[in-house]
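Please read the numbered points below alongside the model. They concern the ligand and its surroundings, and then a pair of packed helices.

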Amino acid sequence: MEPYYLTTPIYYVNSTPHIGHAYTTVAADVFARHQRQRGRETFLLTGVDEHASKVARVAAEQGLAPQEYADRIVDAWRALPARLGVSNDFFIRTSDDGHKRFVQEFLQRIKDNGRDDIYQDVYAGLYCVGCEAFKSEDELVDGKCPEHDVEPEWIEERNWFFRLSAYQERLLALYEERSDFVLPGFRANEARSFIAGGLQDFSISRAGQPWGVPIPWDPEQVAYVWADALVNYLSALTYARPGEDLVPRFWPAVRHLLGKDILRFHCVYWPAMLLAAGYDVPRQLFVHGYLLLDDRKISKSLGNVLDPLDLIDVYGADAVRFWCARSVSFGQDGTASIDGLRERYERELGNDLGNLLSRTTAMVARYRSGTLAAVPSDMSEIAAILAPLGEDVAARLDVFDLTGALERIWEVVRALNRHVEATAPWQIAKDESRAAELDRVLYDLVDGLRVVAVALAAYLPETSTRILAALGQPAAVDWGEVAYGRTRAVDTLEPAAPLFPRVDEPTLAA
Ligand code: MSP
């Protein structure tokens, strides 16, 4: 099986994380954890992008040198994956020596490729610091960048350029040959038509500012932030494990996860830069949509920036992860809200899942004094419900259908709840002659819950562990466990504590 290397964008450190950053990071963790469950060698990378003009600006406002500023704020960014229960294998900072060294090597490789792909010219044009991107007049609305609602700045400098225009044909051929290079399909179309519209060379260096990675053959200039940041996906592999180069193992088996705002950089510029430097292009890119809060873009000026850590304090990491995966169909734009988080916490996590565990364990405790007999049956209705689950969920997660795979698991949660009502074990328990039937119903419920816990392990790692422990089952979450009839007999089951206790009125302002 080919290894699975997954990346999130590296986030700008000009402010602290908001829920939009948590969103991509959680999604990436679900995919990575799931592949590990299937026994695949997996590497998950996340981290921060430091050499941006906007970072230098915020540092100056605070009277700090950019590096000093970045060193202070980086802990807030490390806390994001840590508190969300994300299983990243490395956290990259673009100010790491290993990264800076590799960026220089990478750019030098392009310069030396014999095709004159890097040349000097004068750049004169508009630059949006918010996007950290050069803008053409036709991208502006009323003279302003529509994304940031600010007028871009006029820049005129002698820079080093990358000959992107020379890669138009190769990129078009790539999109032609690999219909799943970029997912979802409508995003591939977007990238393809941008390429087909003609590619402009772009500046890969900045002369006017000292914050960044020096251009090796012209140390007066630093690498343009995107020419530095994109390279993180490769550089990290060269120094994440001291003394070991992971590039041969994980490149090009890489999948990039990103929001639609940075599609062009990833789906057009990056593959061209890789080809120019003599590397294979990534295996796949998945472009997701935007999470809106109460129908509005998340932004500081709108005052609706939600700190994911505050949400975790109230609801716990798993509830926030659940909400990220479930509130909006992954790939599309969609609106989410704190009310929605609360609602799902109570109704889906608390009632559908939490109560199912409480009821099931309470019944085994009450009717069987905590003893669960191992009595699987091929004829069981639950066996039929569970049989296709593993394959269905895996197939969805292989194509980044984060929301669809979770819904598929939730169908089983709902089916188990219906099964409790339909079989009414409290009635069966009244009749001694139906003891075998009761054993079967209880076994099927426990087994169904065990399967759900394993299937949910990538989404709700903490909860999954708690459910398996409450059922007296081993903690192993190999994907093969998503199968009927593997529950072991137990004789010490106790009524489980609530998985998602009611939370007091949240004090969070939405
Ligand atoms: N530093 C660049 C990326 C360089 S990657 C080589 C950057 N950073 S960022 O801090 O602005 O983060 C952008 C990413 O954050 C988006 O692509 C997306 O993954 C995530 N999101 C930020 N706001 C978001 C929403 N409102 N909704 C969903 N994701 C969002 O761009």
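1. In this predicted model, H288 places a polar side-chain atom 3.4 Å from an oxygen atom of the ligand. Backbone atoms also take part: a polar backbone atom of Y12 lies 3.0 Å from a ligand oxygen atom, and a polar backbone atom of G259 likewise lies 3.0 Å from an oxygen atom of the ligand.

2. How much of the ligand does the protein bury? The ligand taken alone exposes 670 Å², and 94% of that area is buried by the protein.

3. The shell around the ligand draws two or more residues from each of these elements: β1 (4-12), α1 (19-37), α7 (225-229) and α8 (232-239). In total, 24 residues surround the ligand, and the closest are I10, T24, D49, D261 and L291. Sorted by class, this shell comprises 13 nonpolar, nine polar and two charged residues.

4. A separate matter is the packing of two helices. Such a pair is described by the angle between the two axes and by the distance between them. For helix α13 (residues 338-368) and helix α19 (residues 461-470), the angle is about 10° and the axes are 11 Å apart. Angles under 35 degrees count as roughly parallel; α13 and α19 are therefore roughly parallel to each other.

5. Which residues form this contact? From α13 come L353, L357 and T361, which meet T463, I467 and A470 of α19. The residues of this contact comprise four nonpolar and two polar, with no charged residue.

Methods: Residues are numbered from 1 along each chain as its sequence is written. This is a predicted model: local features need pLDDT of at least 70, side-chain atom pairs count only at pLDDT 80 or more; totals for chains, interfaces and linings use all residues. Side-chain values use heavy atoms; hydrogens and water are left out. A residue is near a molecule or strand if one of its heavy atoms lies within 4 Å of it. A polar contact is a pair of N or O atoms within 3.5 Å; within protein, one must be able to donate a hydrogen and the other to accept it, and residues adjacent in sequence count only if both atoms are side-chain atoms. Accessible areas come from the Shrake-Rupley method with a 1.4 Å probe; for residues, only the protein chains shown count as cover. Helices (H or I, at least four residues) and strands (E, at least two) are DSSP runs, numbered from the N terminus. Ala, Val, Leu, Ile, Met, Phe, Trp, Tyr, Cys and Pro count as nonpolar, Asp, Glu, Lys and Arg as charged, and the others, Gly among them, as polar. Axes are lines fitted to C-alpha atoms, for helices over the stretch in contact, and angles run from 0 to 180 degrees between N-to-C directions. Angles under 35 degrees count as roughly parallel, over 145 as roughly antiparallel, 65 to 115 as roughly perpendicular and the rest as oblique. Contact means heavy atoms within 4.5 Å.
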